[in-house]
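Reader: I would like a close look at one part of this model. Please set it in the context of the whole chain.

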Amino acid sequence: HALELSFGAAAVAAAINTVFGLIVAWVLVRYRFPGKRLVDALVDLPFALPTAVAGIALSALYARNGWLGAPLESLGLRVAYTPLGVIVALTFIGLPFVVRTLQPILAELGAEAEEAAATLGATRTQTLGRVVLPALTPALLTGTALAFARAVGEYGSVIFIAGNLPGVSEIAPLLIIIKLNENDYAGAAAIGVIMLAASFAMLLALNLLQGWAASRR
């Protein structure tokens with residue numbers, strides 16, 4: 001269950017970051033607005049914060065009496081100490097990987113191709129699907145792979161908000177620590193090898209997909 005939660009939550013968080021990372025990178029590159037530099041700096045917040053501090057802050061925000069947890073609880077949605085809390089933490093620490101991977105590609109792409117498509121009668125949806133996304137796909141896959149790889153092995157920012165309930169919100173990295181504290185080195189090594197093999201297989205698949213996407217440009 002711990003392995004399923006770690007890989008499943010990492011995959012969901014990476015998918016969320018793919019969508020919102022693209023939106024954030026697009027806004028930062030294409031638009032000017034008050035506070036843009038502040039927003040750009042906040043993207044790197046997960047890099048600057050110690051992971052334990054991030055975990056404590058997220059736990060405080062999403063607890064039952066927290067600023068975000070209380071209104072969500074009133075809607076019947078509990079975040080802290082549930083698998084959803086794990087996804088929230090992994091999404092937080094993975095977003096910068098997608099944004100920072102896409103920003104230079106978007107800046108290099110410029111707006112000329114979009115303007116040319118518009119002059120030829122393409123709609124915004126057609127321009128996005130046939131001009132922008134094909135050019136961004138390799139970088140988008142790279143950012144997604146980086147976010148996924150970081151999320152699978154994340155420990156510090158997750159253990160506080162997860163609650164670490166066995167069979168509910170216990171992640172695989174925590175289980176490795178538990179095995180080591182119990183001097184069960186074989187058990188810890190077995191979990192680590194499984195995580196390593198599964199991570200390698202998924203990253204290999206993403207890299208192959210990225211190469212295929214690049215070859216079609």
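How far apart are the mean positions of the positive and negative charges of the chain? And which residues make the nonpolar surface patch?

Author: Charges come first. This is a predicted model. The chain has 13 positive and 12 negative charges. Their mean positions lie 8 Å apart.

The chain holds eleven helices and zero strands. The C-alpha trace spans about 65 × 40 × 30 Å along its principal axes. Take the contacts between residues at least 6 apart in sequence: 73% of them join residues at least 24 apart.

Next, the surface. Of the 217 residues in the chain, 38% are buried. The accessible surface comes to about 11,700 Å². Carbon and sulfur atoms account for 69% of that surface.

The patch itself covers about 580 Å² and is nonpolar. Val 12, Ile 16, Val 19, Phe 20, Ile 23, Val 27 and Tyr 31 make it. Val 12 has a relative accessible area of 37%, so it counts as partly exposed. A patch residue needs over 30% relative accessible area.

Terms used:
Residues are numbered from 1 along each chain as its sequence is written. This is a predicted model: local features need pLDDT of at least 70, side-chain atom pairs count only at pLDDT 80 or more; totals for chains, interfaces and linings use all residues. Side-chain values use heavy atoms; hydrogens and water are left out. Helices (H or I, at least four residues) and strands (E, at least two) are DSSP runs, numbered from the N terminus. Buried means under 20% relative accessible area, exposed over 50%, partly exposed in between (1.4 Å probe, protein chains only). Contact means heavy atoms within 4.5 Å. Accessible areas come from the Shrake-Rupley method with a 1.4 Å probe; for residues, only the protein chains shown count as cover. Lys and Arg count as positive and Asp and Glu as negative; His and the chain ends are not counted. The place of a charge is taken as NZ of Lys, CZ of Arg, CG of Asp or CD of Glu. Patches are made of residues with over 30% relative accessible area and no salt bridge: like charges are joined within 9 Å, nonpolar side chains (Val, Leu, Ile, Met, Phe, Trp, Tyr) within 5 Å. A salt bridge is a side-chain nitrogen of Lys or Arg within 4 Å of a carboxyl oxygen of Asp or Glu.
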